[in-house]
Amino acid sequence: MPVNTEICDEQWRRFEYCRDRGHLEFIAKADKCDNFLIGNQWEVSDLARLKEERRPAMTINKIMSTISTILGEQIYNRTEVLYRPKNGAPAEVADALNKVWMQISQNNQLDWTRSDVFCDGMVRSRGFYDVRLDFTDSMQGEVRIGLQNSKNVVLDPDGEEYDPDSWADCFISKWMTTDDISINYSEDDAKYLKDHAGLATFGADSVERVRDRFAGTTLTGTTSDDPNITQQRNIRVLERQYRKLDKQEHFVDLQTGDMRPIPRDWDRNRISLVLEKAQGQLSTTKKLIKRVRWRVTADNVLLHDDWSPYKHFTIVPFFPMFRYGKTMGAVENLLGPQEILNKVSSQELHIVNTTANSGWMIEQDSLLNMTIGELEQKGAQTGLVVEYRKGAQPPQKIVPNQTPTGLDRITYKAEDSIKTISGVSDSMQGFDREDVAAKAIAYKKQSGSVSMAKPQDNLQRTDYILARNVLDIVQEYYTEPRIIDIIKDNVSHESESVEVNQPDPVTGEILNDLTLGEYSIVVTSTPARASLEDSQFEQARALRELGLPIPDSVLIENSRLQNRAEIVKQMEAAANSPEAQQQKQLQMRGQEAEVAKTEAEVQKTSAEAATKAQEAQGGDQSEMQKVMAEIQLMREEAQLKREEMEMKMQTEREKLALKVQEMEQKLALQAQEHQQNQVFKQQEHAQNMQLRDQQAEQQAEAQRAQQLRSEAQGTASPSQQE
């Protein structure tokens with residue numbers, strides 16, 4: 001587009017209005033929090049003064065370890081997004097949408113991007129996704145979810161809600177090269193900006209400013225004849241997304257009353273074709289709505305100005321703590337205790353240094369073996385020998401100042417304040433004492449995780465907004481046939497292909513049509529696969545120790561072995577091999593032989609007893625009675641041993657049954673609690689959606705009333721003039 005100073009000036013004034021009403025304060029806070037996180041915790045002026053006074057400036061960075069623990073809690077707790085059909089939407093399409101979401105997540109490495117957004121939020125109090133279509137790898141377009149620098153996102157200063165759908169506008173400030181502008185917008189505009197790189201129409205801020213980059217925050221001036229200008233991102237591109245009233249045609253379902261906007265590029269023939277296929281169930285109407293307008297400027301050049309192709313802003317925010325437009329992270333409340341810790345520790349070191357070399361008092365011209373300067377440098381060394389003039393006063397060491405009482409306790413208070421404010425205890429960091437019981441440590445870790453409940457809840461809220469925006473983009477632009485490839489199982493790395501928007505050659509219907517139906521979004525929290533596998537492995541091993549027949553394959557699948565999937569396959573192949581079958585047959589034959597041997601011994605013993613009885617009958621009667629008594633005693637002893645063995649086995653069975661019952665009750669209780677939590681979350685989400693719909697209806701009614709009043713005033717004005 002050509003140079004348009006009027007529109008660019010309007011955009012720049014709005015940018016200045018938003019920037020000067022809260023964003024500059026946020027940048028100052030974000031810079032300070034970033035510096036404290038990486039260890040730059042002293043002011044430059046304070047460091048210079050301490051260096052001049054030859055005093056130490058220590059940095060004991062407790063913020064890094066604290067934030068690392070918080071980030072670890074997030075990494076080991078992931079979320080799962082599921083689309084559920086509503087209002088009669090087909091369930092198979094919802095399953096296809098779930099797999100489309102999996103493919104988008106895997107292509108964009110969403111887990112890592114999510115961790116970066118969470119880190120920005122906890123450190124700076126604001127983190128942002130950027131969701132839009134990307135045509136780099138596919139002409140059909142793919143959803144691209146990226147990370148947006150929170151310092152480059154300028155929000156509506158009048159906004160007061162978490163969801164961007166309630167904001168009036170937002171700015172995304174980008175630093176681009178002339179080559180980037182040439183590719184994304186226009187070669188003529190890029191050439192003009194290259195020739196006028198040193199001339200800023202709206203001040204130096206529109207061309208160059210301190211910003212985050214590998215080169216640091218140093219300002220670098222460039223000129224049009226600089227050979228490196230095509231590689232330097234020195235042109236600020238302002239991308240503004242704002243809402244503007246517009247009348248747009250909508251399809252109306254005559255049965256349910258649902259409305260869907262008609263794309264502006266559809267002609268009358270295409271609309272008529274849709275109405276014919278609906279067989280009288282659809283109609284059209286015009287409705288006044290707020291649409292997203294997209295305007296991009298660079299200095300006084302208008303690069304782009306048109307309606308946005310998306311229903312929402314491309315940015316998706318994450319705020320750990322949000323109170324009516326005010327955001328707060330985890331670092332800003334730790335700045336004070338961290339400064340106290342650094343200053344008190346430096347003061348303690350200074351006192352120790354002055355104690356070791358507090359100074360000397362000497363009489364004038366009394367030293368013989370050294371000068372005053374040498375005494376100043378070597379006065380604190382061990383084995384120092386000072387020779388002074390006979391009759392003069394001996395050198396006296398100055399008594400150092402005593403360490404103030406309680407100074408050493410301030411450092412402990414500062415460290416304790418950091419733990420108390422952040423909620424990160426020694427148990428969560430793995431620094432508990434050795435005499436603390438394992439159950440107590442686990443309970444402390446669980447209690448410490450409660451302090452992270454609100455940031456985690458807001459992160460799930462961000463996941464919901466992200467899934468909603470992605471769903472709208474998919475239903476709007478994923479209209480052509482596609483093949484979705486996903487990794488179904490992370491253990492075996494098995495892939496799966498799903499066809500969507502495929503026409504049936506027989507019936508002509510579209511299978512897995514992503515553009516149809518309404519779907520609700522369910523966001524659930526799940527542990528990371530590593531911690532989940534550890535938990536599953538421990539439970540399976542405990543059940544096996546109780547005597548339950550847990551297969552070996554279950555233990556291996558839930559272990560941390562790298563090639564566990566291949567090991568399971570090898571075990572199954574080995575179990576089904578001819579050698580394994582032959583070994584099983586040999587084992588069965590061996591067991592049968594053992595049983596036959598035992599039966600033969602029993603028969604032999606019985607025969608010997610009968611022989612002795614017959615011999616006793618032929619002999620003395622008393623001898624016969626003696627043998628019969630021995631046989632009876634043997635039978636009673638065998639019966640007693642049998643009863644004792646049965647009692648032991650019964651006791652063991654009862655213990656095992658009791659343990660199994662306790663385990664089943666525990667698992668059932670956990671499942672019930674999880675189900676209740678899910679039901680509660682779904683009810684809360686439904687209430688929030690219902691409240692949001694009511695608010696939207698109220699706003700729409702207020703707009704209609706305002707429109708009617710304006711139209712009434714417009715029609716009344718000519719009569720009033722007459």
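Helices α4 and α14 are roughly perpendicular to each other, a label given to angles of 65 to 115 degrees, where under 35 counts as roughly parallel, over 145 as roughly antiparallel and the rest as oblique. The model is a predicted one, in which local features need pLDDT of at least 70 and side-chain atom pairs count only at pLDDT 80 or more, while totals for chains, interfaces and linings use all residues. Residues are numbered from 1 along each chain as its sequence is written, and side-chain values use heavy atoms, with hydrogens and water left out.

The protein holds 19 helices and 19 strands, both taken as DSSP runs numbered from the N terminus (H or I over at least four residues for helices, E over at least two for strands). Of its 722 residues, 34% are buried, where buried means under 20% relative accessible area, exposed means over 50% and partly exposed lies in between, with a 1.4 Å probe and protein chains only. Among the contacts with a separation of 6 or more, 71% join residues 24 or more positions apart, a contact being heavy atoms within 4.5 Å.

To return to the opening pair, α4 covers residues 91-107 and α14 covers residues 453-477, and their axes come within 11 Å and cross at roughly 110°. The axes are lines fitted to C-alpha atoms, for helices over the stretch in contact, and the angles run from 0 to 180 degrees between N-to-C directions. On the α4 side the meeting residues are Leu 97, Val 100, Trp 101 and Ile 104, and on the α14 side they are Leu 466, Ala 467, Val 470, Leu 471 and Val 474.

Val 100, a residue of α4, is buried at a relative accessible area of 2%. Residues up to four places away in sequence aside, Val 100 touches Val 474, Tyr 478, Ile 484 and Leu 514. With Ile 484 the separation along the chain is 384 residues, yet the two C-alpha atoms are separated by 6.6 Å.

Helix α14 itself has 25 residues and reaches 36 Å from its first C-alpha to its last, close to the 36 Å expected, the expected span being 1.5 Å times one less than the number of residues. Because 19 of these 25 residues are buried, α14 is largely enclosed by the rest of the structure. Gln 456, which is found in α14, counts as buried at 16% relative accessibility, and beyond its neighbours within four places in sequence it is in contact with Glu 73 and Gln 74.

Just after α1, Gly 39 takes a positive phi of about 105°. Cys 8 is buried at a relative accessible area of 1%, and Cys 33 is likewise buried, at 0%. The structure holds zero disulfides, a disulfide being a pair of cysteine sulfur atoms within 2.5 Å.

Helix α5 has 15 residues and reaches 20 Å between its first and last C-alpha atoms, close to the 21 Å expected. It is mostly covered, with eleven of the 15 residues buried, among them Arg 114, Phe 118, Asp 120 and Arg 124. Ser 125, in the loop between α5 (110-124) and β2 (127-134), has a phi near 85°, a positive value in a residue other than glycine, and is buried at 0% relative accessibility. Tyr 324, in the loop between β11 (321-323) and β12 (326-328), also has a positive phi, near 50°, but Tyr 324 is exposed, with a relative accessible area of 61%.

Among the strands, β8 (residues 282-298) contains Arg 293, which is buried at a relative accessible area of 15%. Not counting residues up to four places away in sequence, Arg 293 touches Arg 240, Gln 241, Tyr 242, Asp 305, Asp 306, Trp 307 and Ser 308. Its C-alpha lies 9.5 Å from that of Tyr 310, a residue 17 positions away in sequence.
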